[in-house]
Amino acid sequence: MIETKKEKQAKRVYLETYGCQMNEYDSELVKSILANSDYEITTREEDADVILLNTCAIRENAHDKIYARLGDLKHLKNSGNRVVIGLLGCMAQNLRGNLERSDSVVDIYAGPDSYKRLPAMIDSVRQTGRKGFDFNLSEFEDYSDVYPKRVPGVNAWIAVMRGCDNFCTFCVVPYTRGRERSRSLQSVVSEAKRLVSEGFKQVTLLGQNVNSYRSHHDDFADLMAAVASVDGLKRVRFTSPHPKDFPEKLLKVMAEHAKICNHVHLPLQAGSDRVLEMMARTYTKKSFLALVDKIRDMVPGVTLTTDVIVGFPTETDAEFEETVEVMEKVQFDSAFTFKYSERQNTIAYRKFPDDVTEAQKTERIVRLVDLQKKHSLHRNYEQIGKTVKVLIENHSKRNVAEWMGRTDGNRIVVLKDDKGGHVEGSMVDVTIRDATPHTLFGELHDACCSLHPQPERQIAV
Ligand code: SAM
Ligand code: SF4
């Protein structure tokens with residue numbers, strides 16, 4: 001596949017992202033790295049000289065999507081198109097040995113720590129036709145010297161750390177993203193300041209377990225306080241903390257800084273102590289429930305959301321009922337529920353046969369989804385009649401005459417703006433009139449209330 005003179009000039013890259021917010025952030029890094037190497041980023045696949053898929057490995061259905069997509073791309077290549085195809089991220093890293101077959105449609109494989117090598121790898125395959133791969137995981141790469149290329153908007157994500165050292169037995173992340181590393185507080189604060197200068201109003205700090213953020217003497221609470229002090233930012237969020245070591249200092253910082261949003265995503269995973277131990281989560285049902293009480297005590301009105309896995313190996317019906325019991329007790333505002341999916345390389349894959357049947361997993365997840373819908377509706381109904389601050393993000397998807405925004409607690413609000421004049425990034429007072437499990441519906445409380453200062457949150461520490 002030796003490139004012609006014409007092809008040397010054409011370097012348009014089309015990038016598709018699968019999976020979590022960390023992957024979205026990584027795609028912004030990749031776009032920045034390529035744009036700084038004279039590649040043009042295109043949103044039109046048909047114009048692309050290079051197609052990159054930034055992949056996810058967290059569950060088998062994430063892999064299935066990529067295999068299906070590679071099938072489409074094979075047709076494209078078989079039809080004579082000389083496009084270069086690259087597989088990036090977690091799936092590439094996790095399946096490296098299995099993927100590098102000479103008959104594969106993929107030309108380039110790059111794991112999450114190899115993105116700076118992409119321009120050279122693409123150039124090389126274009127010049128020599130030889131496939132390239134780089135799966136080196138680094139203990140140091142944190143990309144803090146790369147400023148992500150973002151789509152302008154209201155919210156920007158900042159990855160404050162990479163990798164994970166927790167080795168929950170079901171989870172592939174420590175194998176695909178490597179050892180945990182934190183960026184310096186200064187580099188995160190500088191990125192937040194630059195985002196403000198570009199018009200972003202909210203930042204969400206991102207890490208696999210933000211509680212273990214450490215940079216010199218700074219911990220995550222110090223980092224949140226520093227980012228919340230950046231002038232011009234309206235809101236600061238974070239995800240995810242681990243229930244095993246949630247620091248009281250972080251709750252105090254949340255309670256003290258009005259800009260830090262009233263939302264904690266606290267992944268439960270399971271309600272049974274025996275299952276939690278097999279998962280290596282290192283907390284118990286009792287300590288999780290005690291933490292929920294403490295968070296609600298110190299941050300009144302906090303929104304709590306969670307992740308739950310059903311059908312972990314050997315989970316019995318009675319143990320599943322303990323998950324139901326915790327969900328009944330906590331009544332989360334929302335929950336992501338997953339069927340256990342065996343992942344190559346993980347501890348569970350090596351030690352525990354995937355012995356809960358698909359039918360049992362389905363039965364359990366349906367129970368949880370129904371239960372959570374009930375709780376979400378109940379929590380959203382509690383908002384009816386209240387007037388809440390909403391940060392407007394965009395026009396509503398269903399109706400351009402309506403706006404979509406979020407409350408401090410991350411609830412989605414759809415509102416009419418009959419008086420006009422509000423735009424993305426405005427903070428407005430909205431009176432909630434109706435609710436579904438996933439959405440609140442409201443109307444502007446007063447056209448000029450966005451000028452009112454945000455009230456200080458009640459502190460109960
Ligand atoms: N670091 C985050 C934490 O500890 O909460 C989790 C990140 S992971 C991308 C998001 C969620 O995927 C996890 O909380 C878990 O519920 C789910 N998950 C991870 N591995 C899984 C597996 N093998 N099968 C099913 N769900 C899984
Ligand atoms: Fe995976 Fe556990 Fe790390 Fe979260 S904390 S990324 S679930 S190993």
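Mentor: Gladly, and let us begin with a term: two strands pair if DSSP finds at least two bridges between them. Helices (H or I, at least four residues) and strands (E, at least two) are DSSP runs, numbered from the N terminus. This is a predicted model, in which local features need pLDDT of at least 70 and side-chain atom pairs count only at pLDDT 80 or more, while totals for chains, interfaces and linings use all residues. Residues are numbered from 1 along each chain as its sequence is written, chains are lettered from A and ligands numbered from 1 in the order in which they are written, and side-chain values use heavy atoms, with hydrogens and water left out.

Trainee: In which sense do β17 and β18 pair?

Mentor: A hairpin of six residues joins β17 to β18. Within the pair, asparagine 394 stands opposite methionine 404 in β18. Five bridges hold between β17 (residues 387-395) and β18, and the sense is antiparallel.

Trainee: Which residue in the hairpin of β18 and β19 takes a positive phi?

Mentor: Strand β18 also pairs with β19 (residues 412-416), antiparallel over five bridges. Tryptophan 403 has leucine 415 in β19 as its bridge partner. Four residues lie between the strands of this hairpin, and the one with a positive phi, near 70°, is asparagine 410.

Trainee: How many residues of β18 are buried?

Mentor: Buried means under 20% relative accessible area, exposed over 50%, and partly exposed in between (1.4 Å probe, protein chains only). Strand β18 covers residues 402-407 and is mostly covered. Of its six residues, the buried ones number five.

Trainee: What is the order of the open sheet of three strands?

Mentor: β7 and β13 (235-239) stand at the edges with a single partner strand each, so one side of each has no neighbour in the sheet. Neighbouring strands here are turned by 25° against each other on average, direction ignored; axes are lines fitted to C-alpha atoms, for helices over the stretch in contact, and angles run from 0 to 180 degrees between N-to-C directions. β7 and β10 run parallel and are joined by five bridges, with isoleucine 158 opposite leucine 205 in β10. The pairing in the sheet is parallel, and the order is β7-β10-β13.

Trainee: At what angle does α2 run to β7?

Mentor: Contact means heavy atoms within 4.5 Å. Helix α2 lies across both β7 and β10. Its direction relative to β7 is about 90°.

Trainee: Why does the span of α8 agree with its number of residues?

Mentor: The expected span of a helix is 1.5 Å times one less than its number of residues. Helix α8 has 13 residues (185-197), so it should span 18 Å, and this agrees with the distance between its end C-alpha atoms, 19 Å.

Trainee: Is histidine 263 buried or exposed?

Mentor: Histidine 263 lies in strand β14 (residues 263-265). Its side chain and that of threonine 305 are joined by a polar contact of 2.8 Å; such a contact is a pair of N or O atoms within 3.5 Å, and within protein one must be able to donate a hydrogen and the other to accept it, with residues adjacent in sequence counting only if both atoms are side-chain atoms. At 13% relative accessibility, histidine 263 counts as buried.

Trainee: Which peptide bond is cis?

Mentor: Look at serine 240, placed in the loop between β13 and α10 (248-256). The omega is near -5°, and the bond runs from threonine 239 to serine 240.

Trainee: How many residues surround ligand 1?

Mentor: A residue is near a molecule or strand if one of its heavy atoms lies within 4 Å of it. An oxygen atom of ligand 1 is 2.7 Å from an N or O atom in the side chain of glutamine 269, and a backbone N or O atom of serine 341 lies 2.8 Å from a nitrogen atom of ligand 1. The closest residues include Gln208, Pro267 and Asp307, and the number surrounding ligand 1 is 14.
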